[in-house]
Every structure is written in C-alpha cells, then in structure tokens.
Amino acid sequence: KAHKKSIIISARVHPGESNASWMMHGLIGFLLAPGPEAQVLRNCFVWQVVPMLNPDGVICGNYRCGLCGVDLNRQWRRPNE
C-alpha cells in the first residue's frame, strides 16, 4: 500500500487574521462532510490541520507576537533564538 502524502494547513499565526478562523472552520467542515469530493481528499491525503498557531496571542490580544514577545512568523526556522 502506497503512503499518502500529507497536507499541512495552519491559521492564526498573527491573531489579527480573524478571517482565517472562518476559512479553517469551512475547510474542516468540508473535509468532514460525507460528500464525494471530501471523501476523495480524505482517501488520498493525510490532513494535518492546526486551526490556531498562536492561541496565546489571540487570547491576550497581541497582534503579531505570542506571550514570549516574538513574531512566530519570523521564528519558524530557529524557534530558540
């Protein structure tokens, strides 16, 4: 049996991107629906969905940063720097 390719979808790196939550809500709803298109996508790929990458920033109202004070969009290669 062949291995499925993965698709990684993430949203809300920056808390101000609230429309990304609606997009993610719609995507998850679509992927979980019983329709034939969604079934093909589920059968062909492994879906890794991260609906909110920066929940502490969203909760605390930080626009670009998490609680550590760094912009997560700029730290993905070297998260410890």
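Let me start with histidine 14, which sits in the loop between strand 1 and helix 1. Helices here are DSSP runs of H or I of at least four residues, strands are E runs of at least two, and both are numbered from the N terminus. This is a predicted model: local features need pLDDT of at least 70, side-chain atom pairs count only at pLDDT 80 or more, and totals for chains, interfaces and linings use all residues. Residues are numbered from 1 along each chain as its sequence is written, and side-chain values use heavy atoms, with hydrogens and water left out.

Is histidine 14 buried or exposed? Its relative accessible area is 6%, so histidine 14 is buried; the cut-off for buried is under 20%, with exposed over 50% and partly exposed in between, using a 1.4 Å probe and protein chains only. Its side chain makes a polar contact with the side chain of aspartate 71, at 2.9 Å. A polar contact is a pair of N or O atoms within 3.5 Å; within protein, one must be able to donate a hydrogen and the other to accept it, and residues adjacent in sequence count only if both atoms are side-chain atoms.

Arginine 12 is in the loop between strand 1 (5-10) and helix 1 (19-32). The side chain of arginine 12 makes a polar contact with the side chain of serine 21, at 2.7 Å. A polar atom of the arginine 12 side chain also lies 2.6 Å from the backbone oxygen of proline 15.

Leaving aside neighbours within four places in sequence, histidine 14 is in contact (heavy atoms within 4.5 Å) with Tyr63, Arg64, Asp71 and Asn73.
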